Amino acid sequence: MAGTRAGLDRRSFLVGSALSVSALGLSACKTSDTMSLAEAQSLYGPMPQEKFPIPAVDVSKVDPKYYRRTVSYETKEAPGTIIVDPKNYYVYRIEEGGAATRYGANVGRDGFLWSGDAYVGRKSEWATWTPPKEMIKRQPEAAKYARGMPGGLDNPLGARTLHLYQNGAYTLYTIYASSDPETIGSGITSGCVGLLSQDMIHLYARTPVKTKVVVLPA
């Protein structure tokens with residue numbers, strides 16, 4: 001994550017951290033894989049109503065193939081399921097009728113990729129972020145947040161977070177809101193999955209606790 005604050009930027013948090021997809025008919029799946037600049041700017045415009053107002057995304061920094069879209073997606077998973085495709089840098093929310101909402105994402109870098117089934121065990125808005133002990137060893141400057149970094153635009157977890165669990169235990173992995181458009185379509189994190197803030201807020205509002213999450217092999 002880009003942008004420095006107090007000598008410690010958000011991207012370094014995620015790179016060094018151990019913590020760190022309405023019913024639609026088939027006709028709705030037939031969307032073009034192109035979007036005008038004006039459409040993208042509208043989709044990723046500012047969100048001034050948020051607790052910490054979110055600025056517009058500089059869409060020029062995002063490959064258009066990663067803009068949010070409704071696409072055809074065949075799967076045996078139930079509607080509402082989230083599928084993470086780290087190989088292609090996408091997150092899907094399964095819809096009715098062979099469709100899915102597709103979001104561009106950043107994912108874990110080499111050595112931090114993982115796969116398997118999980119579920120959303122907890123949701124949070126503007127969550128407090130606490131660096132794990134392993135990160136503090138690698139990056140001593142993170143020690144100042146050992147008791148937690150309050151929510152805000154510079155917090156690595158961003159505006160919304162889905163905390164992933166397996167067998168009742170928190171995996172330390174999340175799907176989080178990123179304010180760094182240039183990271184979408186890349187592997188930079190320690191296993192977490194980031195969506196643009198506007199996309200994450202869209203997904204978060206449609207994802208209840210206990211939602212199944214499938215992370216595909218990379």
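## A hairpin to start with

Strands β9 and β10 make a hairpin with two residues between them, and in the turn Asn167 has a positive phi of about 50 degrees. The two strands pair in the antiparallel sense over five bridges, and Gln166 stands opposite Ala169 in β10. "Pair" here means that DSSP finds at least two bridges between the strands.

Before going on, a word on what you're looking at. This is a predicted model, where local features need pLDDT of at least 70 and side-chain atom pairs count only at pLDDT 80 or more, while totals for chains, interfaces and linings use all residues. Residues are numbered from 1 along each chain as its sequence is written, and side-chain values use heavy atoms, with hydrogens and water left out.

## The whole protein

The protein has four helices and 13 strands. Of its 218 residues, 51% count as buried, meaning under 20% relative accessible area with a 1.4 Å probe, counting protein chains only (exposed is over 50%, partly exposed is in between).

## The sheet around the hairpin

Where does the hairpin sit? It's part of an open sheet of nine strands, in the order β3-β6-β5-β4-β13-β8-β9-β10-β12, with mixed pairing. At the edges are β3 (69-72) and β12 (193-196), each pairing on one side only.

Follow β10 (residues 169-178) over to β12 and you'll find four bridges, with the two strands running parallel. One place to look is Tyr176, whose bridge partner in β12 is Gly194.

## Helix α4 and the cores

Is helix α4 (residues 197-204) mostly covered or mostly open? Covered: seven of its eight residues are buried. They are Ser197, Gln198, Asp199, Met200, Ile201, Leu203 and Tyr204.

Now for the nonpolar cores. A core is a set of buried Ala, Val, Leu, Ile, Met, Phe, Trp, Tyr and Cys residues joined through side-chain atoms within 4.5 Å. The largest has 24 residues, and Ile82, Val84, Val91, Leu162, Ile175, Leu195 and Val213 touch the most other members. Elements giving two or more residues to this core include β9 (160-166), β10, β12 and α4. The top giver is α4, with four residues. Apart from this core lies another, of 17 residues, among them Ile83, Tyr90, Tyr92 and Val214. In soluble globular proteins, nonpolar side chains tend to be buried together.
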